[in-house]
Amino acid sequence: MKYDFNLEDRRRKYKSIITQIVITLVEIAIVVTAAYAITHYGLEKMSVSGDYMNPTLKDGDDVLINKMSYVISSIKRNDVVVIQQDGSEHSYYSVARVMGLPGETVKIRDGYLYIDGKQLDEKYNFPLMENGGLALEDVILDEDEYFVLCDNRNEGEDSRNANTGNILKKNIVGKAWLRTNSLAFINSINGFGEDSSSKE
């Protein structure tokens, strides 16, 4: 009986083709899964609408959100965070700077921010606040609440306003990480003058 070498070659080719197809499908599945994970659990992009975070972020700036940041670390004072506001008909994202942490008492007096009765030595020279809003009286933060302020402190809505109020941790989507249209890390941006709001 004669051995069919051509048949054996065809079998090898078919096995090779099938193996390549399986490998390609696995690679596609991995890429799709990774893209889904990054989009839903890692990084997300948003556009800033308005000048409420000026000069740190301006109207039209594209921001990359690090959604994993607070899975591996805690939220800190002066972090610029992205918040999902869901009290309106449609939920939307906004950006603000964390100033009051869980368990603290926040108050605004004479335009300055006080934490637990002591005037906060601010990291940046923000504009003096013309309106203390809800924080004209003591605001006591629960264990899962944060007090946030806009950088453009006399133009934006933040925790001083009843529409926003204290922010629950579950509504903080992640850390505003990178300004993509100028490739600048947001925590390194300081557009404030050195003496614009120094303490008297």
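Select glutamate 104 to begin: this residue is buried, with a relative accessible area of 12% (buried means under 20% relative accessible area, exposed over 50%, partly exposed in between, using a 1.4 Å probe and protein chains only). The model is predicted, so local features need pLDDT of at least 70 and side-chain atom pairs count only at pLDDT 80 or more, while totals for chains, interfaces and linings use all residues. Residues are numbered from 1 along each chain as its sequence is written, and side-chain values use heavy atoms, with hydrogens and water left out.

**Salt bridges**

Glutamate 104 lies in the loop between strands E4 (92-100) and E5 (105-109), and arginine 77 in the loop between helix H2 (69-72) and strand E3 (80-85), so the pair ties together parts 27 residues apart in sequence. Helices (H or I, at least four residues) and strands (E, at least two) are DSSP runs, numbered from the N terminus. Arginine 77 is partly exposed, at 25% relative accessible area.

Next, select aspartate 79 and lysine 175, whose side chains form a salt bridge at 3.8 Å, N to O. Aspartate 79 is in the loop between H2 and E3 and lysine 175 in strand E11 (residues 172-179), so this pair ties together parts 96 residues apart in sequence. Aspartate 79 is buried, with a relative accessible area of 10%.

Now select arginine 153 and glutamate 122. The closest N and O atoms of this salt bridge are 2.7 Å apart. Arginine 153 is buried at 2% relative accessible area, whereas glutamate 122 is partly exposed at 21%. The structure holds seven salt bridges.

**A buried glutamate**

Move to glutamate 145, in strand E9 (residues 145-149).

**Helix H1**

Finish with isoleucine 17, in helix H1 (residues 5-42). Isoleucine 17 is partly exposed, with a relative accessible area of 47%.

Conventions. A salt bridge is a side-chain nitrogen of Lys or Arg within 4 Å of a carboxyl oxygen of Asp or Glu.
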